[in-house]
Amino acid sequence: MDQRERMLAGLPYIPMRDGLLELYMACHRKIFRYNSLPPDAEEERDALVRSILGKCGKILMIMGPFYCDYGFNIEVGERFYANYNLTVLDVAPVRIGDNVLCAPNVSIYTAGHPLHPESRNSGYEYGIPVTIGDNVWIGGNVVINPGVTVGNNVVIGAGSVVTRDVTDNMVAAGNPCRPLRAITEADRDFYFKDRRFDVDDYREPWWERSRPDADEA
């Protein structure tokens, strides 16, 4: 195996060999352009971010600045939104489902180094995949560590450091992040704590309301 194959296999690898540095630099040239675009360059921004990511849905919005290592290891589903300063260290695959929201300063790390100083000083690194399910909201300043799986319909509270898997339908928060409670049907009618919706269309997905023929259905 060369070093890229080792990296993608989750084995220890040297990041500056076998073309990895060239791939890293090619991605970072695109990242630099992306983060330097004026705010009204919507078409160019959309085309550029799609050329960076390995896979993405039809509706995609990543606010700059945005940072990643290689880009091709990142897969996002439909209707992915990331606020300012998303950082993804994608030396291993990062797979994100549909309808995922990331608040500012979310960091997703697949990369790591050995604990022992002599092993770490060898220059070997590793990457362990991260998976995030559908309908997930990740709060501001959240860090997701290598090997974590976040389930479907999960909310991660702001400032959390996620070191272990989070199961479906949970609110989780803290450092280290831990489940606080289940999300249930009783939560549907409230938009913040005990504040109840004062409108009637909150049960309908926004992308259904925004269809050109929505009023004619």
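Start at Gly 151, in the loop between strand S14 (149–150) and strand S15 (155–156). Please keep in mind throughout that this is a predicted model. Is Gly 151 buried or exposed? Gly 151 counts as buried because its relative accessibility is 10%, and the cut-off for buried is under 20%. What does Gly 151 contact, apart from its neighbours within four places in sequence? The list is Gly 133, Asp 134, Val 136, Val 166, Thr 167 and Asp 168. Take Gly 133 from that list: 18 residues separate Gly 133 and Gly 151 in sequence, while their C-alpha atoms are 4.9 Å apart in space.

Next, two asparagines. Asn 135 sits in the loop between strand S11 (130–132) and strand S12 (137–138). Asn 135 is not a glycine, yet its phi is positive, at about 55°. With 37% relative accessibility, Asn 135 counts as partly exposed. The other one is Asn 99, in the loop between strand S6 (94–96) and strand S7 (101–102). Asn 99 also has a positive phi without being a glycine, here about 60°. Its accessibility gives another class: at 18%, Asn 99 counts as buried.

Now the sheet. There is an open sheet of five strands, in the order S2-S5-S8-S13-S16, and the pairing is parallel. Which strands are at the edges? They are S2 and strand S16 (161–162), each of which pairs on one side only. Inside that order, strand S5 (residues 86–89) pairs with strand S8 (residues 107–109) in the parallel sense, over three bridges. Across this pair, Leu 89 is opposite Tyr 109 in S8. As a general point, strands of a sheet pair through backbone hydrogen bonds, either parallel or antiparallel.

Strand S17 (residues 170–173) runs antiparallel to strand S18 (residues 178–182), and four bridges join them. Ala 173 faces Arg 178 of S18. The hairpin has four residues between its strands, and Gly 174 there has a positive phi near 115°. Pro 176 is also in the loop between S17 and S18. The peptide bond leading from Asn 175 to Pro 176 is cis, with omega near 0°.

Another cis bond runs from Gly 64 to Pro 65, again with omega near 0°. Pro 65 is placed in the loop between strand S1 (60–62) and strand S2 (66–68).

Asp 69 lies in the loop between S2 and strand S3 (74–76).

On to the nonpolar cores. In general, nonpolar side chains of soluble globular proteins tend to be buried together. The largest core here has 40 residues. Which of them have the most contacts inside it? Ile 62, Phe 66, Phe 80, Ile 108, Ile 132 and Ile 144 do. Taking Phe 80 as the example, and skipping residues up to four places away, Phe 80 touches Ile 59, Leu 60, Met 61, Ile 62, Leu 86, Ile 96, Val 100 and Cys 102. A separate second core has five residues, among them Met 7, Tyr 13, Leu 20 and Val 91.

Last, the cysteines. How many disulfides does the count give? The count is zero. The sulfur of Cys 68 has its closest cysteine sulfur in Cys 27, at 3.6 Å, which is too far for a bond, because the cut-off is within 2.5 Å. Cys 68 is buried, with 2% relative accessible area. For Cys 56, the closest cysteine sulfur is that of Cys 68, 12 Å away, so this pair is also too far apart for a bond. Cys 56 is partly exposed, at 24% relative accessibility.

Conventions:
Residues are numbered from 1 along each chain as its sequence is written. This is a predicted model: local features need pLDDT of at least 70, side-chain atom pairs count only at pLDDT 80 or more; totals for chains, interfaces and linings use all residues. Side-chain values use heavy atoms; hydrogens and water are left out. A nonpolar core is a set of buried Ala, Val, Leu, Ile, Met, Phe, Trp, Tyr and Cys residues joined through side-chain atoms within 4.5 Å. Buried means under 20% relative accessible area, exposed over 50%, partly exposed in between (1.4 Å probe, protein chains only). Contact means heavy atoms within 4.5 Å. Two strands pair if DSSP finds at least two bridges between them.
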